[in-house]
Amino acid sequence: MDPTATLDASLAEIEAGFGAAFAAAADEPALRAAHAKILGRNGALTAALKEMGKLPADARKTAGQRVNTLKQKVEAAFEECLGALARAARDADLRATPFDLSLPGRAPAPRGHLHPISLVREDIFEVFKGLGFAVAHGPQVELEEYNFGKLGFPPDHPAMDMHDTFWVSPPPRAPNAKVLLRTHTSNVQVREMLTNKPPLAVVSVGPCYRCDEDMTHTPMFHQMEGFLVDQNVTLAHLKGVLTAFVERLFGKRKVRFRPSYFPFVEPGCEVDMGCTFCDGTGVAGGAPCRQCKGTGFVEILGAGMIHPVVFEHCGIDPEKYTGFAFGTGIERPAMLKYGIPDLRMMFENDVRFLAQF
Ligand code: FA5
């Protein structure tokens, strides 16, 4: 057959069919498929274009113009159908979703804020950073060696019973390791002294764990630990730093130091401050203050001069260096600072309570 006639027949067939093919496409993928049948790599018009080479030279120009005109028609129809489908989809969407433009807008969710424990942690860091201490963190899953051993707790020492430890299965790669959830933040003292040499002044805050639950004890609680090591550090420095800490966190209050025992300090003491609930009077609402049991003082910290044995275990020369350490649960300072009567409220997640901070 004459190639010009063949091409004419192909173009006529495409021209007669593309409009109906596009109109029959119910959605965009179907429309694109119909378009590809004409102008895709194996499309009818693409094939016709390839046939152009077979035409005699004098017929090519006219045929070329016909092909281009048809191509433009096909593209224009395709774009129009594409737009019509998009409009139809949007109209269907609008009809399907009832909009009531008169409804009031949705108020943005109220912004969250820090938990009282986090607020006190930040306050503590601010105070100690102001006193020149660095902030450090330690692991909550710890080796017995760092939680007890290096701090001078002898094996089976009764002080360890007071800590009511949660023991953890050792990892398969160290089946004989003694692993626990740290019972206090004093592990940070050990780890810092093992890795850094004096002078050192460090404070740390974080969760601790003990099998313990009553009005004033929870299985998970938070502690702060701080320590300072240098030459010629004395108990007077300890008293100065802790008095400054109490005054900066709670304002001017009475502070008193009582002798006490912790295996890793010598001498050791407990630090009390004037009760914030009764302002140190021991009387609240005409009755003995329940928080301080009428004494006017509440215990706030354990402290003492770091025991030479701890220095030896951590590779620090006890003949050359002295230092002090102190620690406290931080729920207690949070209760005193914000007037919270029951420690357990901090972990109940009651929004009515949390919203007050
Ligand atoms: C210690 O844990 C010592 N590491 C503190 C210390 C550090 C002393 C450095 C000297 C030098 P103690 O076992 O007393 O000490 O615990 C300290 C505080 O943690 C307690 O006074 C209490 O406020 C808090 N605490 C302990 N157990 C719980 C618990 N189960 N729930 C809430 N708070 C707790």
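Contact here means heavy atoms within 4.5 Å. The legends below describe a predicted model.

**View 1. The two assigned domains of the protein chain.** The domain assignment gives domain 1 as residues 3-95 and domain 2 as residues 116-354. Between the C-alpha centres of domain 1 and domain 2 the distance is 81 Å.

**View 2. The surroundings of Met 224.** With residues up to four places away in sequence set aside, Met 224 touches Ile 124, Phe 128, Thr 185, Val 203, Ser 204, Val 205, Phe 245, Leu 301, Phe 326, Gly 327, Thr 328 and Ile 330. Met 224 is also listed, together with Ile 124, Phe 128, Phe 245 and Phe 326, among the residues with the most contacts inside the largest nonpolar core.

**View 3. The largest nonpolar core.** This core comprises 43 residues. Helix 9, which spans residues 235-250, contributes the largest share, namely seven residues. In soluble globular proteins, nonpolar side chains tend to be buried together.

**View 4. The largest pocket and its lining.** The volume of the largest pocket is about 1,400 Å³. It is lined by 47 residues, of which Thr 216, His 217, Glu 299, Gly 329 and Arg 332 are the closest to its centre. Sorted by class, the lining consists of 23 nonpolar, 14 polar and ten charged residues.

**View 5. Helices and strands around the largest pocket.** At least two lining residues are supplied by each of helix 7 (158-162), strand 6 (220-230), strand 8 (265-274), strand 11 (297-306), strand 12 (322-329) and helix 11 (331-338). The greatest contribution to the lining, seven residues, is that of strand 11.

**View 6. Cys 269 in strand 8.** Cys 269 is located in strand 8. This residue has a relative accessible area of 7%, which is under 20%, and therefore counts as buried. Beyond its neighbours within four places in sequence, Cys 269 is in contact with Leu 238, Phe 257, Arg 258, Pro 259, Ser 260, Phe 262, Leu 301, Gly 302, Ala 303 and Gly 304. Cys 269 and Met 305 are separated by 36 residues in sequence, and their C-alpha atoms are 9.0 Å apart in space.

**View 7. Helix 8, a mostly covered helix.** Helix 8 runs over residues 186-195, and seven of its ten residues are buried. The buried residues of helix 8 are Ser 186, Asn 187, Val 188, Gln 189, Val 190, Glu 192 and Met 193.

Conventions. Residues numbered from 1 in each chain as written. Predicted model: local features only at pLDDT ≥ 70, side-chain atom pairs only at ≥ 80, totals over all residues. Heavy atoms only, no water. Core = buried A, V, L, I, M, F, W, Y, C linked by side-chain atoms within 4.5 Å. Buried < 20%, exposed > 50% of the residue type's maximum accessible area, 1.4 Å probe, protein only. Helix = DSSP H or I, 4+ residues; strand = E, 2+ residues; numbered from the N terminus. 1 Å grid on protein atoms, 1.4 Å probe; cavity = no way out; pocket = protein on both sides within 12 Å on 5 of 7 lines; lining within 4 Å. Points joined across faces, edges and corners; volume = space filled by probe spheres on them. Nonpolar A, V, L, I, M, F, W, Y, C, P; charged D, E, K, R; others polar. Domains from an automatic or database assignment.
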